[in-house]
Amino acid sequence: QVQLVESGGGLVQAGGSLRLSCAASGSISSIYTWGYYRQAPGKQRALVAIIASDGSTNYAGSVKGRFTISRDNAKNTVYLQMNSLKPEDTAVYYCYALYRPFQGGYLEVWGQGTLVTVSS
């Protein structure tokens with residue numbers, strides 16, 4: 001069974017930085033797409049950033065230029081560097097992976113979520 005374990009959340013002042021990490025473990029042949037989503041109180045879960053196997057990235061407009069997603073394929077890990085944080089970035093951040101198991105096909109898996117709180 002594949003699991004994603006997230007780390008790096010916490011409390012930071014506006015203008016500060018945090019780095020989230022998400023590591024995959026289990027029967028994984030390869031990870032096609034990594035992503036980070038976030039869910040603020042009273043709102044739906046929304047895409048923050050994704051990175052494909054070729055390294056191409058896509059960001060939500062609200063974080064473009066402030067957040068950077070990257071991946072380490074050897075470690076089956078994704079990172080989200082968050083700079084110039086704003087109070088509106090406060091949310092639970094979830095990592096996501098679209099991966100290929102050894103038996104073939106593609107499956108999705110989500111992390112448990114990590115809370116990021118940005119104080120004004």
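**Notebook: T77 and its surroundings**

I looked up the side chain of T77 and found that it reaches the backbone oxygen of K75 at 2.9 Å. The model is a predicted one, and I read each entry below as such.

I then placed T77 in the fold: the residue lies in strand β8, which spans residues 77-82. I checked its accessibility next. T77 counts as buried because its relative accessibility is 8%, against a cut-off of under 20%.

I turned to strand pairing. β3 and β8 pair in the antiparallel sense, with six bridges; here I noted S21 opposite Y79 of β8. Strand β1, residues 3-7, also pairs with β3 in the antiparallel sense, over five bridges.

I examined the largest nonpolar core, which has 32 residues. W34, Y36, L80, M82 and Y93 have the most contacts inside this core. I traced its sources to strands: β3 (18-25), β4 (30-39), β5 (46-51), β7 (67-72), β8, β9 (91-100) and β11 (114-119) each supply at least two residues. β9 gives the most, with five residues.

Finally, I looked up Y93. Not counting residues up to four places away in sequence, Y93 touches E6, L20, Y37, R38, V48, F67, L80, M82, G113, T114 and V116. I noted that L80 and M82, both in this list, are also named among the core residues with the most contacts.

Notes: Residues numbered from 1 in each chain as written. Predicted model: local features only at pLDDT ≥ 70, side-chain atom pairs only at ≥ 80, totals over all residues. Heavy atoms only, no water. Helix = DSSP H or I, 4+ residues; strand = E, 2+ residues; numbered from the N terminus. Buried < 20%, exposed > 50% of the residue type's maximum accessible area, 1.4 Å probe, protein only. Polar contact = N/O pair within 3.5 Å; in protein donor to acceptor, adjacent residues only side chain to side chain. Core = buried A, V, L, I, M, F, W, Y, C linked by side-chain atoms within 4.5 Å. Contact = heavy atoms within 4.5 Å. Pairing = 2+ DSSP bridges.
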